[in-house]
Amino acid sequence: CSTLLLQKRVEPTGEYKVGDTVTFFLRFTNPTNEPMTEVTILDSLTTRLEYVDGTAKCSRGHTFTTTPNEARSLTLRWVLDGKLLPGESGVISFQAKIR
């Protein structure tokens, strides 16, 4: 089992109020010397976040799905196409509304 390096950030930074929309960025990297296959990235949103339909993007081929989670929000799931080669990276982004 290989370890995927994942970094998450949000824009804009600062204080948020109900109704604000924020953009999340997930940067993923294969830090190993081996190709990775069947790479799946999940982000389970909290009760305060509502995914904005149609905003999920990824810098490489993927399949995107959502499922309800225990927080009464959604779990976002990206399954990357093909292999993630050593040193290769990419970026996922999506928007969420503060509730």
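Let me begin with a question: does F94 count as buried, or as exposed? At 0% relative accessibility, F94 counts as buried. By that term I mean a relative accessible area under 20%, with exposed being over 50% and partly exposed in between, for a 1.4 Å probe and protein chains only.

A word on the basis of these values. This is a predicted model, in which local features need pLDDT of at least 70 and side-chain atom pairs count only at pLDDT 80 or more, while totals for chains, interfaces and linings use all residues. Residues are numbered from 1 along each chain as its sequence is written, and side-chain values use heavy atoms, with hydrogens and water left out.

Now the overall picture. The protein has zero helices and eight strands, and along the sequence its pattern reads β-β-β-β-β-β-β-β. Here helices (H or I, at least four residues) and strands (E, at least two) are DSSP runs, numbered from the N terminus. The C-alpha trace spans about 45 × 25 × 20 Å along its principal axes. Of the 99 residues, 33% are buried. The protein exposes about 6200 Å², of which carbon and sulfur atoms supply 50%; such areas come from the Shrake-Rupley method with a 1.4 Å probe, and for residues only the protein chains shown count as cover.

Turning to contacts, by which I mean heavy atoms within 4.5 Å: among those between residues at least 6 apart in sequence, 70% join residues at least 24 apart.

As for charge, there are 12 positive and 11 negative side chains, and the centres of the two sets lie 4 Å apart. Lys and Arg count as positive and Asp and Glu as negative, with His and the chain ends not counted. The place of a charge is taken as NZ of Lys, CZ of Arg, CG of Asp or CD of Glu.

Y51 is buried at 9% relative accessible area, whereas F64, at 25% relative accessibility, is partly exposed. Together, F24, Y51, F64, W78 and F94 form one aromatic cluster.

Let us look at two threonines. T23 is found in strand β2 (residues 21-29). Not counting residues up to four places away in sequence, T23 touches R9, V10, E11, S93, F94 and Q95. With Q95, the side chain of T23 makes a polar contact of 3.3 Å. A polar contact is a pair of N or O atoms within 3.5 Å; within protein, one must be able to donate a hydrogen and the other to accept it, and residues adjacent in sequence count only if both atoms are side-chain atoms.

T65 sits in strand β6 (residues 62-68) and is partly exposed, at 36% relative accessibility. Leaving aside neighbours within four places in sequence, T65 contacts T75, L76 and R77.

Finally, the backbone. Most residues other than glycine have a negative phi, and most peptide bonds are trans.

Positive phi values are found at E38, near 55°, and at R72, near 60°. E38 lies in the loop between β2 and β3 (40-44) and is exposed, at 72% relative accessibility. R72 lies in the loop between β6 and β7 (74-80), and is exposed with a relative accessible area of 72%.

Technical notes: Rings of Phe, Tyr and Trp (its six-membered ring) pair if their centres lie within 6.5 Å; planes under 30 degrees apart count as stacked, over 60 as edge-to-face and the rest as tilted.
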